[in-house]
Amino acid sequence: MARAMKVAIVDDEADMRQSISQWLALSGFETETFASAEEALKTIGADYPGVVVSDIKMPGMDGMAFLKRLMSLDNGLPVIMITGHGDVPMAVEAMRVGAYDFLEKPFNPDRMTELTKKATQSRRLTLDSRALRRELSDGTVLMKKLIGSSAEMERLREDILDLGQADGHVLIDGETGTGKTLVAHALHAVGPRASKKFVTISCAAWSEDQLSMRLFGPIEDGAIPLIEDARGGTLCLEDIESLSHSLQSRLLTTINDQGSPPETRIIAIVNEHAPDKTLEDILRPDLFYRLGALTILCPPLRARGEDILTLFTRLSEQFAEEYGCDAPQVAAQEAAQLLQAPWPGNVRQLVNIAERAVLQNRRGSGSIASLLMADNEAAGPALTTEGKPLKDYVEAFERMLIDNTMRRHKGSIVAVMDELCLPRRTLNEKMAKYSLSRSDYT
Ligand SMILES: Nc1ncnc2c1ncn2[C@@H]1O[C@H](COP(=O)(O)OP(=O)(O)OP(=O)(O)O)[C@@H](O)[C@H]1O
Ligand SMILES: [Mg+2]
């Protein structure tokens with residue numbers, strides 16, 4: 001996100017404006033100049049991608065009124081004020097209103113460069129974190145990231161929307177790479193806490209002492225323990241199975257102290273655990289009772305049938321766009337192989353295969369089959385045909401072809417009928433059967 005930061009220079013004196021602008025441009029800043037505050041306000045608003053340097057004494061709206069107006073538009077905007085020589089009270093007042101800093105005339109140009117540099121750095125951080133927060137708090141964006149329309153996936157979506165609104169703590173379980181972390185973010189983002197913090201930590205990544213300190217404090221350098229930091233929002237505990245018994249009981253005390261509904265929502269994610277152990281074996285019963293009332297299970301990819309092809313298509317289109325090349329076309333046999341692979345690494349493994357397939361396609365070599373073989377060698381028998389009726393494969397493949405063709409023709413039914421040699425009625429019936437809707441492609 002290395003976007004260029006601008007510097008808006010606002011001064012009624014043309015000479016001053018020009019010389020500041022030239023100096024800052026020489027120092028590598030992109031500048032724009034305005035002869036009055038009124039003029040500048042036509043361009044500068046909330047989320048202005050830069051900082052402002054303004055004179056205080058100007059006819060019309062003066063610098064102080066301008067500063068107040070800017071602060072009401074965006075109080076994170078750094079504004080550097082230029083004050084008259086010895087005008088201390090004015091400088092103090094400007095700082096009180098929210099100026100980033102001030103420069104006294106006549107000023108040292110190097111000091112101006114240095115101040116502008118610090119101000120633009122601070123601005124970039126502010127804007128980046130705003131953008132990230134918007135993206136993460138926009139539940140619809142996150143829900144759109146969840147690809148798939150199998151019954152399992154639809155159920156997962158409903159669970160997220162339902163439990164997102166609920167008050168209680170949530171436990172997320174599922175094999176590696178099934179989307180647990182993504183689901184935790186989505187749960188937070190679609191619920192009433194979306195504007196509050198989402199704080200996350202892995203219980204497996206720290207020693208017991210460090211984890212205890214980070215979660216509950218006290219932290220020496222004055223940082224806030226995560227339990228405090230997440231207050232009012234969500235605390236996401238990844239790898240909850242690694243939490244020691246004594247920390248589990250401390251967590252339980254914290255949870256009990258909060259009462260109901262809890263101020264801070266806890267989302268606990270269970271990572272790989274021995275298949276013969278249930279969650280009750282892993283967590284203290286009293287903690288399990290608190291956390292496990294609401295549980296979300298992320299289904300393994302091999303149980304999601306047709307989603308495998310949908311995911312492969314969408315993901316390889318995304319990578320193709322990123323790499324500026326074409327997405328690989330999936331042949332019937334390759335589709336069957338994708339559907340039959342065991343996918344021990346679930347969606348993460350598929351993401352990986354899709355990226356490699358795109359890169360391979362760009363080089364014009366290799367096949368999806370060889371990628372799958374190489375990837376699954378370590379995981380026992382590569383391809384299995386067990387368990388699924390032929391009908392499932394045929395349907396999944398049919399769905400993928402229609403989906404692909406609709407996308408390429410941007411929802412033009414006539415073009416799709418033509419390419420697939422299907423009468424309109426059959427196409428309509430198949431689209432209804434596979435819950436494909438024309439409006440998704442236009
Ligand atoms: N339904 C989905 N649609 C699109 N992408 C998905 C989906 N589910 C997971 N992903 C992607 O798959 C990858 C793995 O997901 P994520 O990290 O959430 O899984 P996880 O279960 O938390 O894995 P781990 O057990 O390793 O922590 C990520 O790149 C994620 O964006
Ligand atoms: Mg995860």
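In which loop is P106 found? P106 lies in the loop between β5 (101–104) and α5 (109–137), where helices (H or I, at least four residues) and strands (E, at least two) are DSSP runs numbered from the N terminus. The structure is a predicted model, in which local features need pLDDT of at least 70, side-chain atom pairs count only at pLDDT 80 or more, and totals for chains, interfaces and linings use all residues. Residues are numbered from 1 along each chain as its sequence is written, chains are lettered from A and ligands numbered from 1 in the order in which they are written, and side-chain values use heavy atoms, with hydrogens and water left out.

**Domains**

- The chain is divided into domain 1 (6–130), domain 2 (139–299) and domain 3 (303–440), with bounds that come from an automatic or database domain assignment.
- Taken over C-alpha atoms, the centres of domain 1 and domain 3 are separated by 54 Å.
- Ligand 1 lies between domain 2 (139–299) and domain 3 (303–440), because both give residues to the shell around it.

**Surroundings of ligand 1**

- Ligand 1 is surrounded by 18 residues, counted as near if one of their heavy atoms lies within 4 Å of it.
- The closest of these residues are I147, K180, T181, L182 and R348.
- By class, the shell holds 7 nonpolar, 6 polar and 5 charged residues; Ala, Val, Leu, Ile, Met, Phe, Trp, Tyr, Cys and Pro count as nonpolar, Asp, Glu, Lys and Arg as charged, and the others, Gly among them, as polar.

- The side chain of R348 has an N or O atom 2.8 Å from an oxygen atom of ligand 1.
- For L182, a backbone N or O atom is 3.0 Å from an oxygen atom of the ligand.
- In the side chain of T176, an N or O atom is 3.3 Å from a ligand oxygen atom.
- Of the 630 Å² of accessible area that ligand 1 has on its own, the protein covers 82%, by the Shrake-Rupley method with a 1.4 Å probe.
- The elements giving two or more residues to the shell around ligand 1 are α8 (180–189) and α16 (346–363).

**Backbone features**

- K105 and P106 are joined by a cis peptide bond with omega of about -10°.
- A cis peptide bond also joins G217 and P218, with omega of about -5°; P218 is placed in the loop between α9 (208–216) and α10 (226–229).
- D239, a residue other than glycine, has a positive phi near 55° and is placed in the loop between β8 (234–238) and α11 (245–258).

Definitions and conventions. A polar contact is a pair of N or O atoms within 3.5 Å; within protein, one must be able to donate a hydrogen and the other to accept it, and residues adjacent in sequence count only if both atoms are side-chain atoms.
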